[in-house]
Amino acid sequence: MTMKTIDDININERLYQLNLGPQHPSTHGVLHFLLTLDGEVVVKAEMLIGYTHRGHEKMAENRIYEQFYPNSARMDYLSGMIFNTGYCEAVEKLCGIEVPKRARYIRVITSELNRVASHLLGVMDFVMGIGAYTPFLYGWDDREIILDLLETITGSRLTYNYSRFGGVRVDIDQTFCDSARRFIDRMRERFKLYNDLITGNIIFIKRTVGVGVISKDVALDYGVTGPTLRGSGVNYDVRKSEPYSSYEDFNFEIPTKEEGDCMARYLVRLAEIEQSLRIIEQAMNNLPDGPIRADVPCFITPPAGDCYHSFESARGAVGYYIVSDGTRIPYRLKVRAPSFSNLFVMSKIIPGHFVADLVAIFGSIDVTVPEIDR
Amino acid sequence: MNTSYGFKQYVKEIFTGSKSLIIGMGITLKHMFKPIVTVQYPRQKPIMTPHFRGHIEAIIFDDTKSHHCVACGLCARTCPSHVIKVQGEKTKAGDRKYGKQYFIDFTKCSLCGLCVDVCPEKTLKFSDEYELAFYSRWDGVMDIMQRLEERK
Amino acid sequence: MLTEGQKKLLEELKNNLAKSVPEAKISQSDYVLTGYHLEFSSSKVGMRRVAKEMRSRRFNLETVTAVDFIDSFEIVYLYFNYNQDNIRVMVRIRVPKDEPPFTVSAVYSEAIWLEREVYDFFGIQFKEHPDLRRILNPDDADYFPLLKNFGKTTITGEIDDMLC
Amino acid sequence: MNMTQLPIIKDIYGFLGPDLLVGVVGLLLVLIFVPLNSAFLVWVERKVAGHIQLRPGPMEVGPHGILQSLIDAVKLMCKEMITPDLADKPLFWMAPCIVVIPAIVCFVVIPFSPVMQIRELNVGILLIFAFSSISGLSIMMGGWASNNKYSLIGAVRAVAQSIAYEIPLLLSTMSVIIMSNSFKMSQIVSDQSTVWNFILQPVAAIIFIICSTAETNRAPFDLVEAESELVSGFHTEYTGMRDALFFMAEYTAMFIASSMAVVLFFGGWHGPFFSGIVWFVLKAYFLVFVTVWIRWTFPRLRFDQLMNFAWKVLIPISLLNLLVTAIVIKVL
């Protein structure tokens, strides 16, 4: 694909602008692309965000630490469990609370289940953006099992609000483990279906290979993280580089692909689902006994100071930067949203692609708009 | 775009491509005859799990045949959305306060469950009601003590 | 709990940063409690020199944010080196409210949006920024929401009289 | 002098005779058949899609939801027809009217059975090709008149696509015509009484099905209304019954394309046990089912790939096929 330049074109004659979004079937939520097009080729893309801005960071300054629980899951509704756990871990780091081992394992299990659910949705949404509707619903069929599974312990399907400072709310039992094992077995068989139906499909290959290449340097420059970065060949995963919860106990790999195109990102996500299943299995096999919650006061008061806690959501490295002034209310709470940086890289890579490719690239980067807007 | 293709590759791609398409069609055909997996909602009611987080409800304890609410207001203060209002009364001087009215505006409730967590008397629980559509916003404001009387 | 490579890199970083920004205070911090290894604090100078130093060592700019300390802003840059040693460096710059700092967006493209966000919420006008506009808030907003004097910033202990 | 011996009077007389009766009755039948057929096909599509996706599809109206599309049609008729302020109003109004023309006219020459054909034409196939091109015109009109960029992109895509895919479509039809030595549809069908053309011309049949899918703008070639890119392409701005007319035309075009494939490659009305029309309709609906099945399986092609596929794969192969057919016919 040759890069179109606007140097030798009379702008008034050839280029026109297209508003893709905020209401558009494939902009997962409310995101607005202001595209400058030459025919169907994108010359310039600008992302206009903030349509779902709710001011979570300001809200945090208005409420005690406990009251921020529900907000954390509502930032990235697709990996609410991971955000929730991450928030709890950030505050635990700030207060120096030691979490019981069983609680940490349960956190890992639930987070990884949530990651699988999120990846399934991300992958299938990407496939739907390319035009195949049926795989999307097959993916949802699998995802539904996870949601049902998590509902049995958290009582909710999307905004789990399950982790608490010092542990988790509800213990998991044998029935949960059995259903999770059944799900793992089922999921492993489903990979064949996905490979046959999607990955091997010639149209899918043609649409994704070589489209939307993010090189390593661009990824570093734009702060891309998560499966998008690993699709560009950088072996970085917070779960490995700074093990939180108890990820250091588990044996798993970080799948990477060198190509950096849509196909690579898609394959990395599928491979990550496989690794997550491995982690869940290991955690359930070695689930220690003990309490699920440390002895934490009803309302915590962290000491003055600040801390940064980084963790891996389904979309990349999330960070909570909390500044405490020694009261029960955070002085400042900043969320590093991975989708924010992942989306910005699109303005760099989209020019020269077709509108149809834009949808594919956007799907393959897999951003959640409420997380960007916060 | 694909100018560097050799003729061999061109032919090969046509054949592998057609094969992959036929495999895909086989999969969807197979799925056509599988049983459906969706829940036919109004005809078929889903069963809620014991941990399901609906709106809150007062537990009926066996010893008093009623709730244990002492109207301490901790739930109201913890609520991130400020949707809880508790009113207690003392039946006689020196006695404990007793929760008389407990209003929750369910339309603004984010179902976080903090009220259940902090309750010192452990008298709150989640209900398993999920069909909560109202005709008016005011129908979302419910008095859970009254609901408790109805349940008795 | 630092590995050999991390210790070496930290030493090098300390020396180099001290060389390029002599005014700054550089100290090692407890990673377990704070989540970062090296703390660099200075008043209003050196953020671009630090950014260049970090870029040359293939550090990734994780986030840019600011904290409103009523009389001054603290602008926080977090760098993370995921290429080899997993070192996180915290760079804090204290700037007076009427003296905007320079941008690092020439060094890290990511900072274009991150600094736009900081501008959007704090009104910090980064100098030489290529595209300093509102990003999350409405374009015509005349407020900077995360300033401490904006809105209600105390805990609302009482129940609002919205009910009944 | 006998007035009836004047040539012009003879023509009128002949026209007013049994032919007129057949024409009027046939037209009425077509006018009833077209909406009912498209309603049925919408239901089939939703049902097949549902079962492929492990859900039941429409279930509420009628047994297994068979009346669902009729209810939908009533709903669409009751809806307000919105005309965008800056639209080119005459064109915007005309496009859905014109799109129905090919849907009705093409039925004139389709031989459902040896006797059920409204009008026998020597150039029946050409008539269908000629009229089905009109739908491209109406799509262009609708897309242009909407004054919407998505619609315009969709319309431009439609024109380029129909030009590119008409060539291999005609070429693959040509190889059948060479074999039958006629453009007459009934002639082609009766030539297949022993062996279907599908067995003699498998490549042409597959190319014909692919190209007719593309001509009717069905997935994976539905770039004209690519939902995830262009919202809904050329009919983004259409509402109510106008939108329904586009839908009706699309499903009727699907049926016509399947009927064409049945006539050209699948032996028309020939088949054991049942009478001709049953076999014809069964075969046509099976091919419609195949297109629906394809739609719910595959991703969508990108526009340049779509054109590449037509020009680099389909046209060379269909040309080769035509050449081979011509040589074989000549030699035998």
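This is a predicted model: local features need pLDDT of at least 70, side-chain atom pairs count only at pLDDT 80 or more; totals for chains, interfaces and linings use all residues.
Figure 1

**Figure 1. The contact between chains A and C.** Of the 5 pairs of chains that touch, chains A and C have the most contacts between them. Chain A brings 35 residues to the contact and chain C brings 29 residues. On the side of chain A that touches chain C, the elements giving two or more residues are helix 2 (56–60), helix 9 (216–221), strand 6, strand 7, strand 8 and helix 13 (338–344) of chain A. Strand 6 of chain A gives the most to this side, with 5 residues. Sorted by class, the side of chain A that touches chain C has 12 nonpolar, 11 polar and 12 charged residues.

**Figure 2. Chain D beside chain B.** This contact takes 12 residues from chain D and 13 residues from chain B. Helix 1 (7–52), helix 11 (276–295) and helix 12 (303–331) of chain D each supply at least two residues of the side of chain D that touches chain B. That side of chain D has 8 nonpolar, 2 polar and 2 charged residues. No contact joins chain D to chain C; the closest C-alpha atoms of these two chains lie 25 Å apart.

**Figure 3. The two domains of chain D.** Domain 1 of chain D spans residues 1–78, and domain 2 spans residues 81–331. Their C-alpha centres lie 18 Å apart. The contact between them takes 19 residues from domain 1 of chain D and 20 residues from domain 2 of chain D. Helix 1 and helix 2 (68–78) of chain D each supply at least two residues of the side of domain 1 that touches domain 2. Helix 1 of chain D gives the most to this side, with 16 residues. By class, the side of domain 1 of chain D that touches domain 2 has 14 nonpolar, 4 polar and 1 charged residues.

**Figure 4. Helix 5 packed with helix 8 in chain D.** Helix 5 (residues 149–180) and helix 8 (residues 202–215) of chain D pack at an angle of about 150 degrees, and their axes are 9 Å apart. Angles over 145 degrees count as roughly antiparallel, so helix 5 and helix 8 of chain D are roughly antiparallel to each other. Their crossing is left-handed. Among the residues that meet are Tyr165(D), Leu169(D) and Val176(D) in helix 5 of chain D, and Ile207(D), Phe208(D) and Cys211(D) in helix 8 of chain D. The residues of this helix contact divide into 9 nonpolar, 6 polar and 2 charged.

Notes
Residues are numbered from 1 along each chain as its sequence is written. Chains are lettered from A and ligands numbered from 1 in the order in which they are written. Two residues are in contact if their C-beta atoms, placed from the backbone, lie within 7 Å. Helices (H or I, at least four residues) and strands (E, at least two) are DSSP runs, numbered from the N terminus. Ala, Val, Leu, Ile, Met, Phe, Trp, Tyr, Cys and Pro count as nonpolar, Asp, Glu, Lys and Arg as charged, and the others, Gly among them, as polar. Domain bounds come from an automatic or database domain assignment. Axes are lines fitted to C-alpha atoms, for helices over the stretch in contact, and angles run from 0 to 180 degrees between N-to-C directions. Angles under 35 degrees count as roughly parallel, over 145 as roughly antiparallel, 65 to 115 as roughly perpendicular and the rest as oblique. A crossing is left-handed if the near helix is turned anticlockwise from the far one by less than a right angle, and right-handed if clockwise.
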